[in-house]
Amino acid sequence: MRTHTSAVVIGGGLVGCSILYHLAKLGWTDAVLLERSELTSGSTWHAAANIHGLHDSTNISRLQHYTMNLYKELEAETGQGCGIFQPGSLYLAQTEAREHQLRLQAAKARRYGLNFAEISRDEAERLHPLVNFDGIRTIMFEPDGGNVDPSGVTHAYATGARRMGAEIHRFTPVTGTEAQPDGSWIVRTEKGDIHTRWVINAAGLWAREVAAMAGLALPLIPTEHQYFVTETIPEIAELGRRLPSVADRDGEYYLRQEGLGLLVGAYERNMKFWAEAGTPQGFGHELFEDDLERLEENVMRAINRVPVVGTAGIKRVINGPMIWSPDSAALFGPVPELRNYFCCNGIIPGFSQSGGLGKLAAEWIIEGESSLDMFAWDLARFGDWADKAFTRARVRDQYANRFKIHFPNEERAAGRPARTRPAYDCQKGLGAVFGMNFGWEHPLWFATGDEPKEETHGFTRQNWWGPVGREARMLRENAGIIDISNFARYEVRGPGAEDWLNRLLANRMPTQIGRSCLSPLIGKRGGVAGDFTVTRLAEDEFLMIGSGMAERFHQRFFAAVPLPEGTSFRSVTTEMAGFNVAGPKSRALLAACTDADLSTGAFPFMRSQRIKVAGVDVVALRVSFTGDLGWELHCAEADQLTLYRALIEAAPAFGAGPVGSRALGSLRIEKGYGSFTREYSPEYWPQESGLAGLIKLDKGDFLNRGAYLAVRDRPARDRLVQIAIEATIADASGGEPVFLPDGTPVGQVSSGAYGYSVGRSLALAYVKVGMASPGDRVHVAILGQMHEAEILTRPPFDPEGKRLRA
């Protein structure tokens with residue numbers, strides 16, 4: 001066994017072996033994998049191993065298609081059979097909402113050249129004559145869908161990795177992981193220690209125990225999961241060909257051929273947790289006792305759809321463990337608080353995702369960043385607030401609603417509230433309907449009178465569309481008060497504060513007290529890894545404000561730039577809160593609560609002052625994400641309620657009131673403002689996102705400057721544009737493909753909303769340079785259907801910025 005290596009992968013299941021294979025493929029041929037028992041122990045060996053390509057997330061679809069295509073390459077490369085069956089998959093829609101979802105996925109498939117399209121009932125009956133298609137509204141077919149052999153795929157990865165020089169040691173449990181001062185690790189085993197640069201936790205059911213060795217708590221919990229395989233079914237035996245799988249997610253089961261019978265599985269509502277306190281060390285290839293009664297409702301729906309299920313005998317039942325994260329997506333990426341410690345845990349559809357996860361993990365570890373933006377799966381999306389109670393509640397909800405559609409803007413209630421601010425109860429009393437952002441409860445909108453106090457969900461405009469419109473118009477016509485406490489805030493103090501910020505961010509930091517600047521953060525591949533507002537409060541003090549949901553994500557970048565001696569950097573997000581008061585009457589509203597001079601001459605745009613509002617000390621910034629006249633007021637969290645009550649009490653005299661984040665989303669899109677994790681992403685270069693003008697190369701070195709220089713003079717591949725869409729019952733929300741009128745794909749929506757104050761359905765989107773330009777007509781696939789649209793030449797609201805600077 002090697003004693004020194006570049007990487008140690010802990011866990012010999014499907015994903016661990018894929019990561020090892022891809023590390024070796026990228027050149028780290030000295031990598032080592034340690035498995036406590038036999039390869040495939042835990043969850044891998046008993047998986048149903050279905051494969052499918054389509055996902056609501058575009059990048060996950062790309063990851064899954066890479067995986068599906070890789071299996072045949074693995075077989076040819078290694079000679080190890082992967083047991084690949086690809087008779088296709090039928091996707092059934094019983095409801096209008098599912099029809100919308102499938103049509104949108106089909107539109108995305110057309111954009112990326114993937115094979116997924118609608119077929120007729122006659123064609124579906126030819127493909128699968130055992131299915132009863134009564135009541136089905138839409139049928140989609142994915143020819144590449146199917147299943148693989150769990151053991152075969154895992155051993156193919158292992159064989160490929162070994163052939164490139166990587167080592168695999170079975171029956172070698174890890175007993176400790178110890179961080180070293182230089183960022184490397186000592187991995188301890190009973191067979192000896194390994195000194196490694198990187199530790200990769202791919203331990204599956206034992207991910208929590210492995211993480212605990214490094215002092216890390218992962219939000220994971222296992223459940224039982226069952227499926228059964230029938231005896232031979234004569235109708236299948238007589239066909240002489242393999243049947244496509246059936247994805248009847250409205251029926252809440254999955255079904256495919258296995259041998260000459262059928263495999264049927266379900267995620268039942270009456271779910272069951274397992275090993276909540278910790279996965280037993282001796283567990284490996286064991287199963288639990290059958291408990292098919294829990295699946296009865298799901299199985300009855302399967303029988304209704306495929307009647308032969310009800311007449312077939314049961315050959316065997318598999319009841320084994322799976323381990324889940326709070327949102328059923330992977331916990332993926334380097335741990336921000338540790339150096340050179342990578343996690344890839346909590347993967348549910350592993351056989352659809354193993355190759356892509358292995359490839360992206362190897363890229364991130366070796367090259368410093370993955371080629372696809374994986375923020376939606378980044379483990380940094382959870383913080384300490386995702387405790388055991390939160391995780392348990394969310395996993396219960398995720399398991400029981402596994403096949404429920406995740407609608408745009410949907411906010412699920414399980415496990416909440418996790419974190420609240422002092423103004424929470426006051427806001428609730430004002431009719432606030434809450435969402436969650438990095439654990440924080442924040443108002444989505446405020447219900448008044450007979451307006452709905454709970455939201456409905458769907459792809460079309462929902463019951464909150466009216467109240468959100470009222471708030472947006474109120475702010476544009478008068479003023480509004482928006483809670484921005486969920487923004488991330490950082491304090492930088494000391495004689496080296498300016499120097500440190502200049503070496504971290506790409507813009508030049510303000511040199512005068514009271515000045516602010518906007519600045520991108522550059523990623524390892526030259527893309528946009530973040531955007532911040534930085535304000536100089538004193539000679540040696542700065543306040544930096546960024547995306548709240550990306551606070552833990554950005555820790556990796558902050559840690560990459562050493563602090564000068566005597567300089568401190570810390571998050572003050574939990575210590576501070578704040579509000580944005582915006583709209584044409586915002587100056588008058590604020591003036592009723594402060595003695596400070598708010599005139600343009602005394603308080604111009606992009607300036608800051610320390611003032612008192614209603615007796616509360618605040619840092620006031622003349623800036624607003626609404627694109628309107630406005631101020632951000634940042635105060636101590638202890639003063640939040642006092643400040644909020646004063647603003648709310650003053651508001652009616654000016655026709656103003658509270659405004660939620662849904663209206664803010666509409667207002668910023670009217671102005672064409674981008675948002676991190678939507679428009680601003682490491683996948684897009686600054687010249688594509690419209691941020692190149694904020695990068696000051698003449699100021700000296702800054703984080704990843706070389707990466708930006710490598711792409712600076714390359715022509716933009718895509719360009720961020722604003723689009724007005726002819727839509728009447730639904731608006732774009734993000735992910736909708738954009739096509740030319742002749743059907744040629746040219747881009748994708750990054751975010752969208754109805755522009756209430758301009759009376760148009762709007763979207764921000766990236767389109768291919770040279771294929772579509774401002775003024776051009778395009779089509780946007782809202783609800784999967786083509787909607788005529790126009791790329792705008794300038795924002796429909798205040799294009800010259802007169803209101804913003806008034």
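Tyr490 and Phe558 are both buried. Their rings have centres 5.0 Å apart and planes at 75°, so the pair is edge-to-face. The structure is a predicted model. Below are its ring pairs, its charges over rings and its salt bridges.

**Aromatic pairs**

- A search of the whole structure finds 36 aromatic pairs.
- One of them joins Tyr91 and Phe116. The ring centres are 5.2 Å apart and the planes stand at 70°. An angle over 60 degrees counts as edge-to-face, so this pair is edge-to-face.
- Tyr91 sits in strand S4 (residues 89–93). Phe116 sits in the loop between helix H3 (96–112) and strand S5 (117–118). The pair therefore ties together parts that are 25 residues apart in sequence.
- Tyr91 has a relative accessible area of 3%, so this residue is buried. Phe116 is buried too, at 3% relative accessibility.
- Ring pairs also build a cluster from Tyr254, Tyr267, Trp324, Tyr399 and Phe403.

**Charges over rings**

- Arg421 places its charged end over the ring of Trp440, 3.8 Å from the centre.
- Lys359 lies over the face of Tyr66, at 5.8 Å from the ring centre.

**Salt bridges**

- The count comes to 57 salt bridges.
- Lys359 also takes part in a salt bridge, with Glu363 (2.7 Å, N to O). Both residues lie in helix H9 (residues 350–367), four residues apart, about one turn of the helix. Glu363 is buried at 8% relative accessibility, whereas Lys359 is partly exposed at 28%.
- Glu118 and Arg103 meet through their side chains in a salt bridge (2.6 Å, N to O). Glu118 is in strand S5 and Arg103 in helix H3, so the bridge ties together parts that are 15 residues apart in sequence. Glu118 counts as partly exposed, at 41% relative accessibility. Arg103 is buried, at 18%; the cut-off for buried is under 20%.
- Arg294 and Glu268 form a salt bridge as well (3.0 Å, N to O). Both are in the loop between strand S15 (261–266) and helix H8 (296–305), 26 residues apart. Arg294 is buried at 11% relative accessibility, and Glu268 is buried at 0%.
- A network of salt bridges links Glu491, Arg493, Glu541, Arg570, Glu575 and Arg610.

Note on methods:
Residues numbered from 1 in each chain as written. Predicted model: local features only at pLDDT ≥ 70, side-chain atom pairs only at ≥ 80, totals over all residues. Heavy atoms only, no water. Phe/Tyr/Trp six-rings, centres within 6.5 Å; stacked < 30°, edge-to-face > 60°. Helix = DSSP H or I, 4+ residues; strand = E, 2+ residues; numbered from the N terminus. Buried < 20%, exposed > 50% of the residue type's maximum accessible area, 1.4 Å probe, protein only. Lys NZ or Arg CZ within 6 Å of the ring centre and 35° of its normal. Salt bridge = Lys/Arg side-chain N within 4 Å of Asp/Glu carboxyl O.
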